[in-house]
There are 2 protein chains.
Amino acid sequence: MVEYTLDRVFKALADPTRRAILDRLAAGEATVGHLSEPFPLTFAAVSKHLGVLERAGLVIREARGRERVCRIDPAALDDARAWLEFHERFWTERLNALNALVGTGSGKPDGSR
Amino acid sequence: MVEYTLDRVFKALADPTRRAILDRLAAGEATVGHLSEPFPLTFAAVSKHLGVLERAGLVIREARGRERVCRIDPAALDDARAWLEFHERFWTERLNALNALVGTGSGKPDGSR
DNA sequence: AATTTATTTAACTTATTGGTTGAATAACCT
DNA sequence: AGGTTATTCAACCAATAAGTTAAATAAATT
C-alpha cells in the first residue's frame, strides 16, 4: 500500500520542475496559470506535472470558478521523509558498527584475508 | 550541483527493486550475484540497477577478485533527507499559518473574494 | 591452456516520461 | 447568445527506463 505510494512520491520529486512547483506552492496556493508563469513551458505541460504531483498525493487541485487552485498536501511528503529518515539512521548505524570491525565485517566469520 | 544530484537520488529511490537492494545492503555488503538472488530478474538487470544507485551516489561497487562487492554510501541519502526534512517543516509551518488565516492567504492583499 | 564463474556491455524491445500542438470543456463577461 | 479566459484532453514525438538475450571481459579453477 505504502509500497507504490513511495514509488509515486519519489518519482514526483525526481523532477526539478516539479520540485520548483512545490517550492512555489509553499508560498501559498496558486492557480495553474499562475504556477506556469515562471517556466518556459506550455500550460499543458505544467498541468501534466500537476497531475503527477496530485497522483502522488503531494498536491490538491480544487476547482474554483473557471480556474483550478492548487495547494500542497504534506501528508505524502511525510511518507517519503519517514522512509528516508528511518533508513538513513539504520544504515548509518550499521555502517558505524561495520567500520568498528576493521571494515570487512560481512557477517561471515571465515577469517580469510 | 546539488540540483541534479537530487534528481538522481530521488529517481533511484523511486524504484521498489532498488529500494529492496538498498535494504538488503543495510545488512552488510554483498556481491552482485548475492544481491540478485531474491529477485526474479536477470543478473544484468540487477547490475543495471546497481549502476543507477552508484551514479546516484548511494552505493559503492568495489572490485574484489572476480566479484564486485557493493555497499551503501549514506552521504547522498542525506542530501535527499535534508531536502525533504527542510521542505516538510517549511511547508507545514506555512500551512499552519495559512489555516490560521481562514485559508485564503495568497499574500496578495487585493481583498477580492 | 582450457573451463568455469562473476560481472558488465551491447543491442534490442516495450513502456513511460516530458514535451509539443490543437481541439474540447467550462466558466465568466459583454 | 457570442467571445474571451482558464484549464484539460487527445494525439503525437523524442528521449529515457526497465527488462531481455547474447557476447565480452576477467579472475579462479582444473
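Predicted model: local features only at pLDDT ≥ 70, side-chain atom pairs only at ≥ 80, totals over all residues.
A polar side-chain atom of Arg18(A) is placed 3.0 Å from a phosphate oxygen of DNA strand C.

Among the atoms of DNA strand C that lie within 4 Å of the protein, 71% are part of sugar or phosphate, and the rest are part of bases.

## The protein surface near DNA strand C

Around DNA strand C there are 22 residues, and those that come nearest are Thr42(A), Lys48(A), His49(A), Gly33(B) and Ser47(B). By type, the residues of this surface comprise nine charged, seven nonpolar and six polar.

Which elements each supply at least two residues of this surface? In chain A, the element is α4 (43-55). In chain B, the elements are α3 (32-36), α4 (43-55) and β3 (67-72). The largest share, four residues, comes from α4(A).

## The hairpin of chain A

In chain A, strand β2 (residues 59-64) and strand β3 (residues 67-72) run antiparallel and are joined by six bridges. One of the pairings is that of Val59(A), whose bridge partner in β3(A) is Ile72(A).

Together, β2(A) and β3(A) form a hairpin, with two residues between the strands. Gly65(A) is in the turn and has a positive phi of about 65°.

## Chain A as a whole

How many helices and strands does chain A contain? Chain A has five helices and three strands. Their order along the sequence is α-α-β-α-α-β-β-α.

Chain A consists of 113 residues, of which 40% are buried. The chain exposes about 6,600 Å², and carbon and sulfur atoms supply 53% of this area. Contacts within chain A can also be described by separation in sequence: among contacts between residues at least 6 apart, 50% join residues at least 24 apart.

Methods: Residues numbered from 1 in each chain as written. Chains lettered and ligands numbered in written order. Heavy atoms only, no water. Pairing = 2+ DSSP bridges. Near = heavy atom within 4 Å. Polar contact = N/O pair within 3.5 Å; in protein donor to acceptor, adjacent residues only side chain to side chain. Nonpolar A, V, L, I, M, F, W, Y, C, P; charged D, E, K, R; others polar. Buried < 20%, exposed > 50% of the residue type's maximum accessible area, 1.4 Å probe, protein only. Contact = heavy atoms within 4.5 Å. Areas by Shrake-Rupley, 256 points an atom, 1.4 Å probe, with all protein chains shown as cover.
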